[in-house]
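Here is a walk through one protein model, taken in short steps. Keep the 3D view open as you read.

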Amino acid sequence: MKNKLLLGTLLIFGIASLFTSCKDDRDDNPTFRTPTEFKVNTPAMTDQYIQLSEDNTVHLTWSQPNYGYNAQATYSIQVGVVQDDGSIKWSQKTIKDDDGNVIGYEDDFMISTYTTCSANISAEGMAMEINQADGVKEIEQYVDKGFRKIAVRVKAALIESNTTEVPGSTIISEPVFFNHMRSFRVIKKPAFIYLIGTPGEWLAPIPANAAALEEWKLEETEIGNKNFEGTFELEAGELTFRFYEKLTDWGGGDSWGADVPDLNNVACELKDGAFDFKPVVKGQSNWKFESIPAGSYTITFNMKDLSLRIVAN
């Protein structure tokens, strides 16, 4: 009788352990599913009169898509203008072929992205998107159209390799509206990043140093293409650097570097006056050249294919 009781106890314990083990496995290896639900909350200021300016922001919140587990998504904002017939003219950018000819258009999202379910969106950036949706390409084309109904929607996606969206993870919300929003005279400009390193004497990437870091900017070769390029006069000697998208200080999460652990260096060398590297990754690792000749160098960082190229001019 004791043996039967013991066997029963062991059996119950074994079953309980099996369920516990399965639960632990599910927790450690969450199952991804393509999201079907994603909602942006109605803005608190939806019916207020909002004059966009260089100095204010627009607050927006949303729920997390139902990925099947608590995934960290990346969120992008798109802005559109509601037309008289109720349709929405979204901000779009041109698609060009290899020869620079326009062959179509695609949705354009604001360059700033977010990893939390809320954002204080740059009002200046929103004005740029509104004007782009209106077809304003040159500042002289801008016409004040007063307060209008503006639509905003959010795209969510899981990101791998720093820039590539995980297939099946992208979902775009239904729009929410600001019923009385007014743009101002501003147009979209190429985005830029900063070269931080020995050329600028490792000046900290903080807002207080923005003016001093102007000369170390790489700018998009075309608005929205994420191909950043800059030409710099460099002194002979050591060259060590990484890139920063924003001036959020050393640990702000906006740095790009070599494919090694943070705060380490990758030994590099120019060959026939050129250097190519891939993949560039998010982080605080550096490229380090022990010695380079003085001269003019063009540095190109393509954020889409994660490539770096340096060429002596």
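The structure holds 17 aromatic pairs. One of them joins F243 and F301, and it is stacked. The ring centres lie 5.3 Å apart, with 5° between the planes. This pair links distant parts of the chain. F243 belongs to strand β17 (residues 237-244), while F301 sits in strand β23 (residues 295-302). The two are 58 residues apart in the chain. Both F243 and F301 are buried. They also belong to one aromatic cluster, together with F241, W256, F275, F277, W287 and F289.

Bear in mind that this is a predicted model. The protein chain has an average pLDDT of 88, and 89% of the residues score at least 70. Residues 1-27 are another matter: pLDDT stays under 50 there. For this stretch the model has zero contacts beyond four places in sequence. Where pLDDT is low, predicted coordinates should not be read in detail.

Now turn to the second largest pocket. Its volume is about 730 Å³. The lining counts 26 residues, and Q92, K93, T94, Q132 and I223 are the closest to the pocket centre. Which element gives the most to this lining? Strand β5 does, with five residues. β5 spans 92-96. At least two lining residues each come from β4 (88-90), β5, β6 (102-107) and α2 (123-133).

How values were computed. Residues numbered from 1 in each chain as written. Predicted model: local features only at pLDDT ≥ 70, side-chain atom pairs only at ≥ 80, totals over all residues. Heavy atoms only, no water. 1 Å grid on protein atoms, 1.4 Å probe; cavity = no way out; pocket = protein on both sides within 12 Å on 5 of 7 lines; lining within 4 Å. Points joined across faces, edges and corners; volume = space filled by probe spheres on them. Helix = DSSP H or I, 4+ residues; strand = E, 2+ residues; numbered from the N terminus. pLDDT = per-residue confidence, 0-100. Contact = heavy atoms within 4.5 Å. Phe/Tyr/Trp six-rings, centres within 6.5 Å; stacked < 30°, edge-to-face > 60°. Buried < 20%, exposed > 50% of the residue type's maximum accessible area, 1.4 Å probe, protein only.
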